[in-house]
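Student: Before we turn to any detail, could you show me the model and take me through how its features should be read?

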Amino acid sequence: MLKRVNDISLTLNGERVMVGAEPGERLSESLRERLGARDVKIGCNAGDCGACTVLVDGAPVCACLMTTQQAAGCAVETAAGLSRGDPHARALAERFQDHGAAQCGFCTPGMVVAAVALLRENDAPDEAQIEGALAGVLCRCTGYRAIVDAVAAVPGSLAGAGAVGDSIRRLDGADKLTGAERFGDDIAPPGTLTIRVIRSPHARAAFEFGDLERWRAGRSGIEAVLTADDIPGENRFGVIPQFADQPVFAQSIARFRGEAIAAVVGEPQAIDDLAPADFPVTWTPLDAVAEPAPAREPGAPLLHDDRADNVMCEGFVRCGDAKAALARADVVATGAFATAFVEHAYLEPEAGFAEVVDGRVEIHVCTQAPVMDLESMALILGRDKRDVRIVPSGCGGGFGSKLDLSIQPYLALGALKTGRPVRLALTRTESMQSTTKRHPATIALKIGATKDGRLCGFDFEGDFNTGAYASWGPTVANRVPVHASGPYRIADYRALARGVHTHCPPSGAFRGFGVPQSAIAQETLFDDLAAQLGMDPLDFRLANVLEDGERTVCGQVFEQGVGIRACLEALRPAWESERAAAETFNAAATGPLRRGVGIASGWYGCGNTSLPNPSTIRAGIAADGTVHLHQGAADIGQGANTVIAQIFATALGVKATDLRLVGPDTDVTPDAGKTSASRQTFVSGNAARLCGEALRAKLIRHVNAAPDATLTMTDGAIRFTDATGTHSVDLSAMMADSDGYVIKAKATYDPPTKPLNADGQGIPYAQFGYAAQVAVLEVDTALGTVRPLKFIAAHDVGRAINPMLVTGQIHGGIAQGLGMALMEEYVPGRTENLHDYLIPTIGDIPPIESIIVEVPDAHGPYGAKGLGEHVLIPTAPAILNAIRHACGVRMTRVPVTPSRLAAALRERDGG
Ligand code: FES
Ligand code: FES
């Protein structure tokens with residue numbers, strides 16, 4: 001229990017309350033933990049993210065920066081209270097949903113509170129006023145433009161009743177607006193113990209524990225200390241079984257700063273009072289390697305004894321003879337490129353709670369991969385999988401990192417050891433120190449072309465810093481060579497990617513699995529080649545795009561569905577007008593500002609690379625006529641709950657809004673695989689389509705209606721109408737099963753792929769999605785700053801299941817690509833918070849024009865292709881190409897910070 005020191009009176013959402021708070025206690029802490037206002041979210045506890053924004057006497061404040069004493073006597077309003085009584089909040093709730101302005105929803109309560117404060121002052125704010133008012137609230141999902149439109153009351157573009165192709169609101173959207181959605185740190189029952197994880201302060205160090213039991217016994221409220229000795233099963237986990245190498249608790253040596261070595265479980269106050277420096281451990285720092293080049297040197301410390309030269313694995317693709325083709329090319333472009341660690345920076349740090357129920361361990365947690373979590377936890381706990389249950393909470397963003405285990409083992413071990421529910425929410429710094437990142441890459445690339453503008457030889461070699469443990473490094477190493485060509489026809493090709501261990505946090509999955517890094521190199525050199533040939537960069541790309549019936553670098557031939565030409569052609573009007581406008585601007589410029597317009601493209605194979613990755617969906621109809629869709633795909637903000645329901649509803653012939661969504665929960669939903677690799681719309685969507693069709697076929701057989709009969713559901717009655725009349729399904733005459741369903745169906749879909757041979761030839765994916773973007777920006781050549789002015793993005797999604805959600809993905813992806821290009825660089829020990837690690841704010845994102853291209857794919861549900869990763873692949877290279885267009889400087893290292901660009905400009909000028 002928290003210590004009650006002072007009773008403080010304040011008004012919370014119109015009600016007078018008394019709250020006991022310690023001196024200096026954060027208002028956010030009192031609101032959440034003492035007054036139950038869990039709609040106040042905590043993203044940083046440092047004033048950086050704005051998720052905790054509340055109104056105090058009408059003024060927006062970060063509740064984490066204000067003490068409860070400071071709020072004494074004040075009127076405090078939170079999103080939940082505003083949504084009940086404030087007309088602006090109620091209107092915003094509708095408009096946010098109309099625009100898809102809440103994706104994961106974690107930032108949304110703070111965003112709505114800040115917007116209400118603005119609208120109370122000014123009910124018709126302009127864009128600049130909106131950006132000013134919301135500048136203190138970060139959103140990692142939406143790219144902000146939909147939020148601006150919602151606050152500005154721009155009319156939304158909803159259409160239809162929920163069939164495939166309809167822009168409907170998110171089915172799970174309403175709770176995101178009121179703060180009612182329960183995220184990982186919102187769900188623990190009262191009286192729950194908490195955990196402090198003890199982590200290495202060193203990149204590499206040997207360590208020894210003192211007398212842990214004596215230390216524990218000497219501290220009131222500390223219930224248990226957990227170390228590797230407390231793990232009943234394997235002290236090892238990993239997302240790829242043959243590479244599982246990460247310990248839950250390091251033993252005798254820590255391999256990265258932030259690695260867990262122990263955990264302390266206790267009453268909240270005892271854990272709060274704990275000074276990690278008091279923990280009985282002795283450290284001996286050791287030499288560490290932070291980058292692949294020194295890590296591969298002879299004599300470098302080996303992170304894993306069985307991985308020579310610290311090389312975890314290699315991916316390789318070869319076709320034709322790259323060397324010979326480059327030798328006969330008329331022009332050749334070469335480059336060496338470097339990218340940084342990029343932090344996912346989802347607004348919700350990892351959080352959850354666990355308890356033991358009837359001997360089973362139940363873990364409630366924000367996750368992208370509930371079944372993978374369950375399988376890993378069963379191994380760690382040495383239990384049968386049936387003895388573990390994963391119940392995903394709301395997930396405040398993931399982008400790849402919440403595919404890996406983070407807090408789950410500590411929660412489960414704590415609950416088992418103490419027999420009580422335990423809770424853990426990582427601090428922002430812990431989250432940034434210990435969870436996966438985008439791989440930094442160093443890439444050497446050489447590409448040739450002939451005088452007629454055809455690609456002639458492509459030789460790629462890249463080292464990807466995979467950190468201390470494998471995580472998704474093997475996936476990155478294998479994906480990159482398959483994708484490094486971009487969606488282009490290249491007969492003579494060689495690509496090698498290595499995952500190299502260093503004493504850094506593990507790199508893992510982050511939107512694109514290495515492809516955004518390789519696209520920077522490839523698309524930059526394409527502009528080099530176009531310049532050498534005197535060709536327009538768009539025309540050069542169009543001269544080389546893959547078409548239906550042509551071989552990819554893996555020898556795969558798609559007879560249909562190749563949409564890159566359509567994407568690039570869709571950009572031509574904007575490309576030509578923006579290039580001309582920029583050149584006119586620059587010709588007249590007398591000051592330091594120069595405008596540039598760049599283009600880049602991308603492609604992305606949906607689903608696992610040459611591996612099975614099935615999804616299963618089931619559904620049932622209860623005797624009262626309600627249709628229940630059991631879908632286990634984690635919706636991390638991208639909209640799986642809505643898109644999969646739209647596909648299922650269309651196949652069955654009902655409205656998506658009539659469905660009851662069940663899950664995800666490993667006890668009640670079948671395995672829909674992980675939310676990753678742009679696979680949920682494609683793979684789980686196909687399972688949903690098959691399930692809907694199977695359920696419909698059963699119903700139709702039951703009443704002997706025509707296959708194309710129209711289904712209507714009213715007041716629990718199901719009727720089919722065909723040319724012969726109306727046929728009612730008598731549900732009351734059917735026997736219900738143990739789930740209460742009188743009729744049900746289940747279906748599985750697994751994309752058809754084939755293994756790659758030693759040269760990377762095979763069928764890695766059943767479908768690719770395609771993308772191209774134009775970036776328009778302004779460079780201040782005196783300061784080295786870059787100001788994006790506009791993006792035009794063309795994305796081939798095969799069939800847009802929900803165009804509003806497609807647009808939301810595009811905006812969010814571009815915002816993350818912009819961050820990668822211009823500002824984001826995680827440096828262990830230096831940028832471990834959202835103050836030093838910058839992500840785009842609302843003022844950084846310019847208008848985005850989305851062009852949805854629909855080249856249907858035969859494998860996709862109703863022709864749909866995946867989208868989640870594609871949306872940021874072209875952004876960074878388009879920005880780099882625009883910078884070059886603006887000021888003639890080719891940047892090869894991201895992020896292009898002002899100091900780096902200023903240095904490059906000085907070098908250009910001979911300074
Ligand atoms: S939690 Fe208060 S600003 Fe981030
Ligand atoms: S919707 Fe804003 S952080 Fe996810």
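Tutor: What follows takes a sheet, the nonpolar cores, the aromatic pairs and some backbone features in turn. This is a predicted model, in which local features need pLDDT of at least 70 and side-chain atom pairs count only at pLDDT 80 or more, while totals for chains, interfaces and linings use all residues. Residues are numbered from 1 along each chain as its sequence is written, chains are lettered from A and ligands numbered from 1 in the order in which they are written, and side-chain values use heavy atoms, with hydrogens and water left out.

Student: What is the strand order in the open sheet of 4 strands?

Tutor: Strands of a sheet pair through backbone hydrogen bonds, either parallel or antiparallel. Here strands (E, at least two residues) and helices (H or I, at least four) are DSSP runs numbered from the N terminus, and two strands pair if DSSP finds at least two bridges between them. The order is S23-S31-S32-S33, with mixed pairing. Strand S23 (593-605) and strand S33 (848-853) each have a single partner strand and stand at the edges, so one side of each is left without a neighbour in the sheet. S23 runs antiparallel to strand S31 (residues 768-780), and 13 bridges join them; in S31, Ala775 is the bridge partner of Gly598.

Student: Which helix lies across these strands?

Tutor: Helix H18 (residues 564-588) lies across S23, S31, strand S32 (785-796) and S33, and runs at about 170° to S23. For such angles, axes are lines fitted to C-alpha atoms, for helices over the stretch in contact (heavy atoms within 4.5 Å), and the angles run from 0 to 180 degrees between N-to-C directions.

Student: How many residues does the largest nonpolar core have?

Tutor: In soluble globular proteins, nonpolar side chains tend to be buried together. A nonpolar core is a set of buried Ala, Val, Leu, Ile, Met, Phe, Trp, Tyr and Cys residues joined through side-chain atoms within 4.5 Å, where buried means under 20% relative accessible area, exposed over 50% and partly exposed in between (1.4 Å probe, protein chains only). The largest core has 165 residues, and Phe96, Val151 and Ile883 have the most contacts inside it. Helix H4 (residues 108-121) gives the most to this core, with 9 residues. A second, separate core of 48 residues includes Cys606, Leu629, Ile718 and Ala747.

Student: How many aromatic pairs are there?

Tutor: Rings of Phe, Tyr and Trp (its six-membered ring) pair if their centres lie within 6.5 Å, and planes under 30 degrees apart count as stacked, over 60 as edge-to-face and the rest as tilted. The count by this rule is 16 aromatic pairs. Trp472 and Phe513 form an edge-to-face pair, at 5.8 Å centre to centre with 70° between the planes. Trp472 lies in the loop between strand S21 (455-467) and helix H15 (473-483), and Phe513 in the loop between strand S22 (493-501) and H16, so the pair ties together parts that are 41 residues apart in sequence. Trp472 is buried at 5% relative accessibility, as is Phe513 at 3%.

Student: Where is the cis peptide bond that involves Pro664, and what is the phi of Ser610?

Tutor: Most residues other than glycine have a negative phi, and most peptide bonds are trans. The bond from Gly663 to Pro664 is cis, with omega near 5°, and Pro664 sits in the loop between strand S26 (659-662) and helix H20 (680-703). Ser610, although not a glycine, has a positive phi of about 55°, and at 14% relative accessibility Ser610 is buried.
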